[in-house]
Amino acid sequence: MEKETVNQATLQVITSLREANQAITQSVVAAQERNVKFAQSLFTSGVEVLKSHAEGTQALLQELEQQTQKQQEVFQKLAQELGQDARQELEQQIQKQQENFRKVVQELEQQTQKQQEEFQKLIQASMEASKNLFHTPLS
């Protein structure tokens, strides 16, 4: 009888440990699933932001190009009316404006590149954190 009581107590302890381990395992799996979903949503949101930024930058560049062309046309008309000296001055101004436009475009492209690189680093760090969570031993 005493042996049976010990066996039942042992069985209850084992059952309790098994249930606790199952609960821990389910909790870890649920946390990992949430982390994966979070990483995926972070990645998706980041990609959408970058796409939106790229589209906005492209639209801005097109608008700047159109404005530059309009200004060049106005300067050329004005230069024709003012004569040769004024024409050279206006052409120099146009060249400076084109140079400034190129610099702005280059700066925007560099900023976009930096944002993409930083976003990639963020995604990699997030994925690494999720990966490390999967490999963290249960204690």
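## Contacts of Thr57

Setting aside neighbours within four places in sequence, Thr57 touches Leu108 and Thr112. The model behind this contact list is predicted. Thr57 itself sits in helix 1, which covers residues 2–82.

Is Thr57 buried or exposed? Thr57 is buried: its relative accessible area is 11%, and the cut-off for burial is under 20%. Along the chain, Gln80 lies 23 residues from Thr57. The C-alpha atoms of this pair are separated by 34 Å.

## Gly46

Gly46 is also a residue of helix 1. What is the relative accessible area of Gly46? The value is 9%. Gly46 therefore counts as buried, since the limit is under 20%.

Gly46 and Gln58 are 12 residues apart along the chain. Their C-alpha atoms are 18 Å from each other.

## The salt bridge

How many salt bridges does the structure hold? The count is 1. Its partners are the side chains of Glu118 and Lys121, with an N to O distance of 3.6 Å.

Where do Glu118 and Lys121 lie? Both belong to helix 2, residues 84–135. They are 3 residues apart, which is about one turn of the helix. Glu118 has a relative accessibility of 48%. That value makes Glu118 partly exposed, because exposed requires over 50% and buried requires under 20%.

## Fold and dimensions

The protein has 2 helices and 0 strands. Its C-alpha trace spans about 120 × 20 × 10 Å along the principal axes. The radius of gyration is 33 Å.

Which sequence separations make up the contacts? Take the contacts between residues at least 6 apart in sequence. Of these, 80% join residues at least 24 apart.

## Surface and charge

Of the 139 residues, 13% count as buried. Thr57 is buried at 11% relative accessible area, and Gly46 is buried at 9%. The protein exposes about 11300 Å². Carbon and sulfur atoms supply 53% of that area.

The charge count is 14 positive and 19 negative. How far apart are the mean positions of these two sets? They are 4 Å apart.

How values were computed
Residues are numbered from 1 along each chain as its sequence is written. This is a predicted model: local features need pLDDT of at least 70, side-chain atom pairs count only at pLDDT 80 or more; totals for chains, interfaces and linings use all residues. Side-chain values use heavy atoms; hydrogens and water are left out. A salt bridge is a side-chain nitrogen of Lys or Arg within 4 Å of a carboxyl oxygen of Asp or Glu. Helices (H or I, at least four residues) and strands (E, at least two) are DSSP runs, numbered from the N terminus. Buried means under 20% relative accessible area, exposed over 50%, partly exposed in between (1.4 Å probe, protein chains only). Contact means heavy atoms within 4.5 Å. The radius of gyration is taken over C-alpha atoms; the globule rule is 2.2 Å times the number of residues to the power 0.38. Accessible areas come from the Shrake-Rupley method with a 1.4 Å probe; for residues, only the protein chains shown count as cover. Lys and Arg count as positive and Asp and Glu as negative; His and the chain ends are not counted. The place of a charge is taken as NZ of Lys, CZ of Arg, CG of Asp or CD of Glu.
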